[in-house]
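Subject: Handover of a structure and findings

Dear colleague,

Please find below the structure that I am handing over to you. I would be grateful if you could read the notes under it with the coordinates open.

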Amino acid sequence: MSIALADPKMMASSSSGSSLFRHTFALTRRSVVGRLRQPAVLAPAFIFPLFFAALGSASFNKLAGDPYFTANIAKSFMNYAVAGAVLQGVLFGSTSAAGDLATDIEQGFFERLLASPISRTAIVLGRLAGSMVVAVVQVVIFLAIFLIAGAHVESGPLGFIGLIGGGALLALAMSGMMAGLAIKSGSAEVVQGAFPLVFVLMFLSSAFFPRHYMKGWYRTVADWNPMSHIVEGMQGFMNHDLNASQFAKSWLLPFCIAIVSIAFALRALNNRLAAS
Amino acid sequence: MNQAPIIATGLSRYFGTGDNAIKAVDGVDLEVHQGEIFGFLGPNGAGKSTTVRMLTTLLKPTAGTAFVAGYDVVKDADKVRRSIGVALQDAAIDPLMTGRELLTLQAVLYGLSKIAGKNRGEELLERVGLTAAADRRVGTYSGGMRRRLDLALSLVHEPTVLFLDEPTTGLDPMSRLTLWEEVKRLNAGGTTVLLTTQYLEEADQLADRIAIIDHGHIVRQGAPRELKAMVGSPTLSISVASNETDEARSILSRFGDLRPTSEGTLGVGLARGAEDVASVIRALDEAGLKVRHLELDEPSLDDVFAEATGYRLEGADAANKPVETEAAPEVKKSRRGRK
Amino acid sequence: MSNLTAEQPVNVRTISEGARPFEVVAILVKRSMIRVRRMPSAFIPSLIMPIFQLIAFSGAFGFAVTSLGIKNALDWYVPLNAMQGASFGALGVSFGLINDMQTGFFDRILMAPAQRWVTVISSLAAAVVRCFVPITFVVIVGYIGGMNTPGGPMAIVCVAIASVAIALVAAGFALGLTFRMRNLGAATLTQFAIFFTIFLSTSQVPLSAMSGWLRGVARINPMTNILRFARQGFLGDVTWEQSWGGLLAMGALLILTFIYAMTGIKKFDQ
């Protein structure tokens, strides 16, 4: 795709803050368009989370008969499963987006970007912002489907925004990490190879089942897994009145991870530039 | 011997249906005699590999009949398979296996007993010079070694008819010569060989008879010497300044038929042979045309090919791999207009 | 041009008397094992995934089954993941076949005087041999995790039978699809088919714990019967009542997928 380089705005000096914004915006647009033009790649990030949520709702709904579950976790298993689906969809989407970046590197487009007067930071930020945009669309679609199916956002409109913001920040954190991996390795295969890690992060958390019911070492791992806390923040928006801890878990935590992962991605970029 | 080992009559294979059907092979008549090397010559996409795939039972003909080793390729496919050896393009060899393992596998596939298979494998490894490399994975072999192993695999069951589909494409000259020698030795032992090639020299060196195939049709068939004799006169190629081309062409046409030649040169088949060369030069000189380059060629298979098809095979993208596939057989090639 | 018919064969020097089916199957299975050994990177994920899923399912969803009276979550999930691991072997067969088609090696097999059913059986046999490795590992992890087998050794026999049957069914389906599609899409579609068939059954919880649409689908899904057959020795005694439905489902699926594979290779031949 040549959108980025064909845009005359891109050719402006890369030194100013406004040009960084323009470059990031143009590359974000390229990233989003690139994602939307690969429906076959994007589809699993929609189909599987919705399927697992539907499966979990039908399989585990009897859990809603447990007094602890209804009192402290959710009124129905479907309401519980919404946040897990959002987490799963965003993690899938972000990982496959990093695959696009690795493909850019493999096919030489990344080199073309580096050879043009574009801010280096914008190359990474554009990709991450693209993932955030896709995540926002994804969360909105997911919530619409679940609301039609009978789910309810207990925390009201602000909770709705809380879920969307949480999804976007999680996308930023995960994309940063995967983008760093893509830049460091320059291999789409390596990025694809990170998918099992995503599965581990999801399953060893409360994304699909409440931590309360887990036991032993599995529970300990889930307690320490940041994904548990992020998804529980989102579950809070779905199932409880609005409170600050929901934002702390689903916004602040991914934001902190995002700072680390963006630093990792930029460092990987610097190392690649230094090596070339 | 009751009949020729390979007989095809009206053999055709179309891909697709209706008006959009691509006629990869269209009414090929062929007869390969016992004990001969038969060259099947044509550029990429001409229909060589499709014909071979039909004769070796890998592809069912759309129309026509073919008998190989006396058996119908459709009705008696199993008997045909027992009688033939095949080395297809791109030496289809599993790179994770060793040469010896592949020979053992091939022996089992053809029903040889364990001991017979082992002995035959050793004999063939020796014959193609791969004994030392027999226990190495094929992935580590050079292109020439892979081709030789492929040849050895095709000989495991001592076939009476051997099909070699572009056996030397992509090989270096030395490997090519080695393989030619092996094919000659096999043929001397009584094996009938049908080899497809896009190399004129290969067909000239090896084949007792050749067939030229173009756009799915056989356009010439016979012994190379006979075919060259049919073209008759030698070809004189000249080059002149580009603004003098038309006048030069007009003068040359007085001495014989104009023939397609390489880019930037003009060619004429001298009707009275080499003795006309001096007359041509004189005529060009008298017209004030300056000859930059001049070459006289006795008829070659390339001339036969050019005469039959209207373009030359040499340089017609010979380096490219053929891309005849069932989904989209390629029928394009570089073409020079026939004058 | 001669217009002869094949009254008599030409020069019957050939030493080939046609392939012996059992030997062909054995050597092609051996080749499959050689490829696994020399390219472990293609096989290891199919070994790790069922073990990871066993740990993840029993760890995450354990309460959902133990609250229904099942002693240990592993009792419920070991048979499931053994069968899943077995089905991954079928995917390996599909990938291998596609690779052979793309490299032309499959032409070599087709040109040999071996009957087509032997080629299909060879691939199915390879899938069965490959599936024993993940089944064994899953069962070992189950034992380490303290799974119960009140049905005694028959519990393991039932899991093994069901897993082998699933490997054969999945491989038959994969072969049929691969012969028809001839590209990697066949492996992907097989993966989807296996995934949805397994999960739209009693994979996670018993039928009695399900609600809504899933209960309706799982009830008619033959995988539910096969899972019941595979699990019976882990939940109680092995009985005919718990077995016949699964055996019937396995038999029917085996016949159907074998026919699908055979018609596939016939189509491929044409």
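Predicted model: local features only at pLDDT ≥ 70, side-chain atom pairs only at ≥ 80, totals over all residues.

Residues are numbered from 1 along each chain as its sequence is written, and chains are lettered from A and ligands numbered from 1 in the order in which they are written.

Chain A

Chain A has 13 helices and zero strands; helices (H or I, at least four residues) and strands (E, at least two) are DSSP runs, numbered from the N terminus. The C-alpha trace of chain A spans about 60 × 35 × 35 Å along its principal axes. For 276 residues, a compact globule would have a radius of gyration near 19 Å, and the 19 Å of chain A agrees with this. That radius is taken over C-alpha atoms, and the globule rule is 2.2 Å times the number of residues to the power 0.38. Buried residues account for 49% of the 276 residues in chain A. A residue is buried if 20 or more other C-beta atoms lie within 10 Å of its own, exposed if 12 or fewer, and partly exposed in between, with C-beta atoms placed from the backbone. Among the contacts in chain A with a separation of 6 or more, 80% join residues 24 or more positions apart; two residues are in contact if their C-beta atoms, placed from the backbone, lie within 7 Å.

Chain C

Chain C comes to 10 helices and zero strands. Its C-alpha trace spans about 80 × 35 × 35 Å along the principal axes. Of the 270 residues of chain C, 53% count as buried. In chain C, residues 24 or more positions apart make up 80% of the contacts with a separation of 6 or more.

Contacts between chains

Of the two pairs of chains that touch, chains B and C have the most contacts. Chains A and B do not touch, and their nearest C-alpha atoms are 21 Å apart. The contact of chain A with chain C takes 14 residues from chain A and 16 residues from chain C. On the chain A side, helix H3 (residues 39–60) gives the largest share, four residues. That side divides into 10 nonpolar, two polar and two charged residues. Here Ala, Val, Leu, Ile, Met, Phe, Trp, Tyr, Cys and Pro count as nonpolar, Asp, Glu, Lys and Arg as charged, and the others, Gly among them, as polar.

A helix pair in chain B

In chain B, helix H5 (residues 143–154) and helix H6 (residues 173–188) pack at an angle of about 15 degrees, with their axes 10 Å apart. H5(B) is therefore roughly parallel to H6(B), a term for angles under 35 degrees. H5(B) contributes Gly143(B), Gly144(B), Arg147(B), Arg148(B) and Leu151(B) to the contact, and H6(B) contributes Ser175(B), Thr178(B), Leu179(B) and Glu182(B). These residues divide into two nonpolar, four polar and three charged.

Gly269(B)

Gly269(B) lies in strand S13 (residues 266–270) of chain B. Gly269(B) counts as buried because it has 20 C-beta neighbours inside 10 Å. Leaving aside neighbours within four places in sequence, Gly269(B) is in contact with Ser233(B), Thr235(B), Gly256(B), Asp257(B) and Arg259(B). The C-alpha atoms of Gly269(B) and Ser237(B), 32 residues apart along the chain, are separated by 8.9 Å.

Yours sincerely

Conventions: Axes fitted to C-alpha atoms, helices over the stretch in contact; angles between N-to-C directions. Parallel < 35°, antiparallel > 145°, perpendicular 65-115°, else oblique.
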